[in-house]
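Dear colleague,

I am passing on the structure below, and after it you will find my notes. Please read them with the coordinates open.

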Amino acid sequence: MSDLAAALDVVGARWALLIVEQLLECPQRYGDLQRELGVPTNMLATRLRELEAAGVLARLPLRHNTRAYALTDRGHELSDAIAALARWGAGHEDRGGGAPASPTDSQCA
């Protein structure tokens, strides 16, 4: 398995990177994540469990038997990748697929 495939196994599922992006600022409660992202509650619960199992985030106990979710060091390491994807998305919002890039002789054997 390639390194990219291994990374996508952890954060490639729908909503996963958006959850991580939301937690980059500060820990958040489940309801706050659901409200901010608009993710269906069953999907949010599934993604949070998967990201926790992968060591990307952790649950923090709060008062009154509630919990917040916070990124671990491993989760914070995704910051640069998320920023790069956001820049790429901003530059390609209004464009179609475009023409395929032409490989040069040095790129392909």
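β1 and β3 pair in the antiparallel sense over two bridges, where strands (E, at least two residues) and helices (H or I, at least four) are DSSP runs numbered from the N terminus, and two strands pair if DSSP finds at least two bridges between them. This is a predicted model, in which local features need pLDDT of at least 70 and side-chain atom pairs count only at pLDDT 80 or more, while totals for chains, interfaces and linings use all residues. Residues are numbered from 1 along each chain as its sequence is written, and side-chain values use heavy atoms, with hydrogens and water left out.

The open sheet has three strands in the order β1-β3-β2 with antiparallel pairing, and its edge strands, each pairing on one side only, are β1 (28-29) and β2 (57-61). Within it, Arg29 stands opposite Ala68 in β3.

Trp15 is found in the loop between α1 (3-11) and α2 (16-23), and its phi is near 80°, a positive value in a residue other than glycine. Trp15 counts as buried because its relative accessibility is 16%.

With regards

Definitions and conventions
Buried < 20%, exposed > 50% of the residue type's maximum accessible area, 1.4 Å probe, protein only.
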